[in-house]
Amino acid sequence: MKICYYPGCTLKTKAKNLDNYARLSAKALGVEMVEIENWQCCGAVYPTSKDEIATKLSAVRSLDYAKRNGGKLLTLCSACHNVIKRVNYDMKNDPEINFKANNYMSLDEKYNGETKVIHYLEMLKNVIGFDKIKKSVVNPVNKKIAAYYGCLLLRPSGVLAFDNPENPTIIEEFIEAIGGIPVVYPMRNECCGAYVSIKDENLSRKRSTAILNSAKEKGADMVITACPLCLYNLQKNGEGIIPTVYFTELLAEALGVKNNG
Amino acid sequence: MDKREILENVVRICGTDVKRCMKCGKCSGRCPAFNEMDVKPHQFVSYLASGQIDKLLDSKAIWYCLSCMACVERCPRGVAPQGVVEAIRNTIAREQGKNGIKAEDIPPIIDDRIPQQLLVSAYRKYNK
C-alpha cells in the first residue's frame with residue numbers, strides 16, 4: 001500500500017530519527033510512505049485568528065496535492081498534524097476561509113476539505129492494525145513506558161478527533177502491541193511549555209519536570225512522544241528525570257528494522 | 001485604529017462568542033500558564049464581553065499563553081479563551097515595533113538540538 005506523506009521541516013533536520021524509523025517500520029509492515037512533491041513548512045502552529053489566511057495556504061497546497069494523489073495525507077510530527085488537520089477542517093466548514101484561500105490559490109478545481117488526514121499512530125491502529133503489529137514484533141520492548149500525548153494530537157478534540165482528550169488510549173495500545181508495559185500517569189496530556197520556552201525557559205522547566213516526575217512516580221522507565229518540540233523541552237528542561245524518545249524508535253527496534261537504514 | 005475599532009476587530013477575528021461565557025472559571029482552572037499570567041484566561045473572555053479592551057492590550061499574559069487548547073477543551077459553553085488571547089496578541093504584534101521576540105535574541109539561545117519547529121512556532125506566534 002502507498003500513501004502520501006507530509007514529513008515537515010523538523011523531520012528533515014533535527015528529528016531525522018522520528019522520520020527514518022517511521023519509514024523503516026512502515027516498510028516492514030507493508031506500507032510505502034510517498035513523500036509529497038514540493039511540500040512547504042506548515043507553519044508549526046495553527047493560526048486561530050479568523051483573518052489569518054496566508055499562513056494557512058501551505059497546508060492547503062499539501063492537502064490539495066494529496067486529494068489528487070490517493071485522497072489521504074499521512075502526518076507524523078504532532079505539530080504538522082495539528083495544523084494540517086485544522087486547516088482541512090476550516091476548508092470544509094468555514095465558508096469565509098474556504099472562499100479566501102481558494103480565491104488566492106486559483107486551483108484548477110476548488111479545494112473543499114476532501115482529503116483525509118491521518119496521523120501515523122492512526123495508521124498503525126486503523127489501517128495496519130495493532131494485532132498485525134503484535135505478530136510482526138521480533139524484539140518485544142519489555143520496558144515500562146509512559147505515553148506522552150501533550151496537546152497537539154488531542155486538542156481541540158472536536159476538530160482533531162484523535163482520541164478521548166481527557167483519557168486517551170491509542171499510545172498505550174501501541175506500547176502493548178510492541179511488547180511494552182504501558183504506564184498511565186496524570187500529566188500525560190499536559191503541555192511541555194511549547195514555544196514559550198524561547199521566551200521563558202522557567203515555565204517549560206516547571207511543566208517538563210512535573211510531567212516527567214509524574215511518569216516516574218508511576219514507575220515508568222521512559223517517556224515516548226510524537227512531537228520534536230515536546231522531545232526537546234522534556235530533554236532540555238526536564239532535568240534528566242527519565243529519558244524521552246520518539247515512539248517510532250521503539251517501533252523500529254521491536255520490528256527488528258532499526259539498523260536497516 | 002481607535003479603541004472602538006480595535007475592540008470591534010478583536011471581536012471579529014477572535015473566532016468565538018464571548019457572550020456565551022457563564023463565568024464558571026474552568027478555563028483558568030485548567031490553564032498550565034495560570035501563575036505566569038497577569039490577566040487570567042477567564043478575564044480575557046469577561047473583559048472582552050464588557051468592552052474593557054485597555055486591560056487586555058496592557059496584559060503581559062499574551063506572551064505566556066501556550067496555545068495548548070486546554071481552556072478551549074474544558075469550556076462547557078463552547079467558548080475559546082485562547083482565541084481571545086491570540087486576537088489580542090496579534091493586535092499588539094501587528095503594530096510597528098511591537099513584536100514579541102527580536103531576531104538578535106535568537107542566536108545566543110540556539111543549541112545544536114533546537115528544533116526548527118520551536119523557532120517557526122515562536123515566530124508565528126510572537127511576530128507579525
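**Chain contacts and side-chain pairs**

Analyst: In this predicted model, 45 residues of chain B are in contact with 48 residues of chain A.

User: How much area is buried between chain B and chain A?

Analyst: About 3,900 Å² is buried between the two chains. Carbon and sulfur atoms give 56% of that.

User: Which three residues of chain B supply more of its buried area than any other three?

Analyst: Leu66(B), Glu73(B) and Gln117(B). Together they supply 18% of the area that chain B buries against chain A.

User: And polar contacts, how many residue pairs between chain B and chain A?

Analyst: The count is 20 residue pairs in polar contact, taking residues at pLDDT 80 or more on both sides.

User: Which elements of chain B give two or more residues to the side that touches chain A?

Analyst: Helices α1 (3-13), α5 (70-74), α6 (81-93) and α7 (116-126) of chain B. The largest share comes from α7(B), with ten residues.

User: What does that side look like by class?

Analyst: The side of chain B that touches chain A has 22 nonpolar residues, nine polar and 14 charged.

User: On to charges. How many salt bridges cross the interface of chain B and chain A?

Analyst: Six cross that interface. Over all chains, the search of the whole structure finds 26.

User: Give me one that crosses. What does Asp51(A) form a salt bridge with?

Analyst: Asp51(A) pairs with Arg94(B), and their closest N and O atoms are 2.8 Å apart. Asp51(A) sits in the loop between β2 and α2 (57-67) of chain A. Arg94(B) sits in the loop between α6 and α7 of chain B.

User: Are those two residues buried, exposed or in between? Start with Asp51(A): where does it fall?

Analyst: Asp51(A) is partly exposed, at a relative accessible area of 25%. Arg94(B) also counts as partly exposed, at 37%.

User: What about Glu52(A), which residue does it form a salt bridge with?

Analyst: Glu52(A) forms a salt bridge with Lys128(B). The closest N and O atoms there are 3.0 Å apart.

User: Now inside chain A. How far apart are the closest N and O atoms of Arg23(A) and Glu35(A)?

Analyst: They are 2.7 Å apart, in a salt bridge. The two residues are twelve apart in the chain: Arg23(A) is in helix α1 (residues 16-28) and Glu35(A) is in strand β2 (residues 32-35), both of chain A. Arg23(A) is partly exposed at 26%, and Glu35(A) is partly exposed at 28%.

User: Next, Glu109(A). What is its salt-bridge partner?

Analyst: Lys67(A) is the partner, with the closest N and O atoms 2.8 Å apart. Glu109(A) lies in the loop between α4 (95-105) and β4 (116-119) of chain A, and Lys67(A) lies in helix α2 of chain A, so the pair ties together parts that are 42 residues apart in sequence.

User: Is Glu109(A) buried or exposed?

Analyst: Exposed, at 52% relative accessibility. Lys67(A), by contrast, is buried at 19%.

User: Which residues do salt bridges with shared partners join into one network?

Analyst: Lys12(A), Asp19(A), Arg23(A) and Glu35(A).

User: Switching to rings. How many aromatic pairs over all chains?

Analyst: The search finds five. One of them is Phe174(A) with Phe247(A): centres 5.5 Å apart and planes at 85°, so the pair is edge-to-face.

User: Where do Phe174(A) and Phe247(A) lie?

Analyst: Phe174(A) is in helix α8 (residues 170-177) and Phe247(A) is in helix α11 (residues 247-255), both of chain A, so the pair ties together parts that are 73 residues apart in sequence. Phe174(A) is buried at 0%, and Phe247(A) is buried at 1%.

User: Why does the Tyr195(A) and Tyr126(B) pair count as joining two chains?

Analyst: Because Tyr195(A) lies in the loop between β6 (181-183) and α9 (201-217) of chain A, while Tyr126(B) lies in helix α7 of chain B. Their ring centres are 5.6 Å apart and the planes are at 75°, so that pair is edge-to-face.

User: Are Tyr195(A) and Tyr126(B) buried or exposed?

Analyst: Both Tyr195(A) and Tyr126(B) are buried.

User: Last one. Which residues do ring pairs link into a cluster?

Analyst: Tyr120(A), Phe174(A) and Phe247(A).

Notes. Residues numbered from 1 in each chain as written. Chains lettered and ligands numbered in written order. Predicted model: local features only at pLDDT ≥ 70, side-chain atom pairs only at ≥ 80, totals over all residues. Heavy atoms only, no water. Contact = heavy atoms within 4.5 Å. Buried area = accessible area lost by both parts, 1.4 Å probe. Salt bridge = Lys/Arg side-chain N within 4 Å of Asp/Glu carboxyl O. Polar contact = N/O pair within 3.5 Å; in protein donor to acceptor, adjacent residues only side chain to side chain. Helix = DSSP H or I, 4+ residues; strand = E, 2+ residues; numbered from the N terminus. Nonpolar A, V, L, I, M, F, W, Y, C, P; charged D, E, K, R; others polar. Buried < 20%, exposed > 50% of the residue type's maximum accessible area, 1.4 Å probe, protein only. Phe/Tyr/Trp six-rings, centres within 6.5 Å; stacked < 30°, edge-to-face > 60°.
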